[in-house]
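I would ask you to look at the sequence and the structure together as I speak.

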Amino acid sequence: MKLQNALNKLNKLGLSVKQDGQFFTTRLNRYNLEFAKNGSSDDITCIRVLGINEKDDILQDYCAGVFCDNLSQAIKLASN
């Protein structure tokens with residue numbers, strides 16, 4: 001999915017998206033929805049849904065959350 005299409009889809013749901021470099025984050029219900037811009041292309045990648053208080057722990061090799069195949073799947077997962 002193209003970055004601009006993803007941002008438009010989230011804006012239609014009334015969600016504000018925060019950008020931190022190549023990474024984008026928004027909050028939906030009790031979950032954070034994150035994705036990244038894929039290098040120099042306009043596609044998005046690494047779409048992930050995680051709880052508000054969940055964090056990765058590099059030292060223990062723990063990656064919080066669930067990775068999704070597409071943005072629609074992530075929105076559906078976070079809406080439950």
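I begin with a single residue. Is Asn-32 buried or exposed? Asn-32 has a relative accessible area of 13%, and because buried means under 20%, Asn-32 counts as buried. Please keep in mind throughout that this is a predicted model.

Where does this residue sit? Asn-32 belongs to strand β3, which covers residues 31-37. If we set aside the neighbours within four places in sequence, Asn-32 is in contact with Thr-26 and Arg-27, and also with Arg-48, Val-49, Leu-50, Gly-51 and Ile-52.

Let us now step back to the whole chain. The protein chain contains two helices and five strands. Read from the N terminus, the order of elements is α-β-β-β-β-β-α. How do the strands come together? The five strands make an open sheet in the order β1-β2-β3-β4-β5, with antiparallel pairing. β1 (18-20) and β5 (66-67) are the edge strands; each has a single partner strand, so one side of each has no neighbour in the sheet.

Three bridges connect β1 with β2, and the two run antiparallel. Asp-20 has Phe-23 in β2 as its bridge partner. These two strands form a hairpin with two residues between them, and Gly-21 in the turn has a positive phi of about 70 degrees.

The next pair is β2 and β3, which are antiparallel and joined by six bridges. Here Thr-26 has Leu-33 in β3 as its bridge partner. β2 and β3 also form a hairpin with two residues between them. For comparison, most residues other than glycine have a negative phi.

Cys-46 is not a glycine, yet Cys-46 has a positive phi of about 55 degrees. Cys-46 lies in strand β4 and is partly exposed, with a relative accessible area of 48%.

Strand β4, residues 44-51, is joined to β5 by two bridges, and the two run antiparallel. Val-49 stands opposite Val-66 in β5.

In β2, Phe-24, Thr-26 and Leu-28 make up the covered face, while Phe-23, Thr-25 and Arg-27 make up the uncovered one.

I close with the chain as a whole. Why may we call the radius of gyration consistent with a compact globule? With 80 residues, such a globule would have a radius near 12 Å, and the protein chain has 12 Å, which agrees. The C-alpha atoms fill a box of roughly 35 × 30 × 20 Å along the principal axes. Of the 80 residues, 30% count as buried. The accessible surface comes to about 5500 Å², and 47% of it belongs to carbon and sulfur atoms. Finally, there are 10 positive and 9 negative side chains, and the centres of the two sets lie 10 Å apart.

How values were computed:
Residues numbered from 1 in each chain as written. Heavy atoms only, no water. Helix = DSSP H or I, 4+ residues; strand = E, 2+ residues; numbered from the N terminus. Rg over C-alpha atoms; globule rule 2.2 N^0.38 Å. Buried < 20%, exposed > 50% of the residue type's maximum accessible area, 1.4 Å probe, protein only. Areas by Shrake-Rupley, 256 points an atom, 1.4 Å probe, with all protein chains shown as cover. Lys, Arg positive; Asp, Glu negative; His and termini not counted. Charge placed at Lys NZ, Arg CZ, Asp CG, Glu CD. Contact = heavy atoms within 4.5 Å. Pairing = 2+ DSSP bridges.
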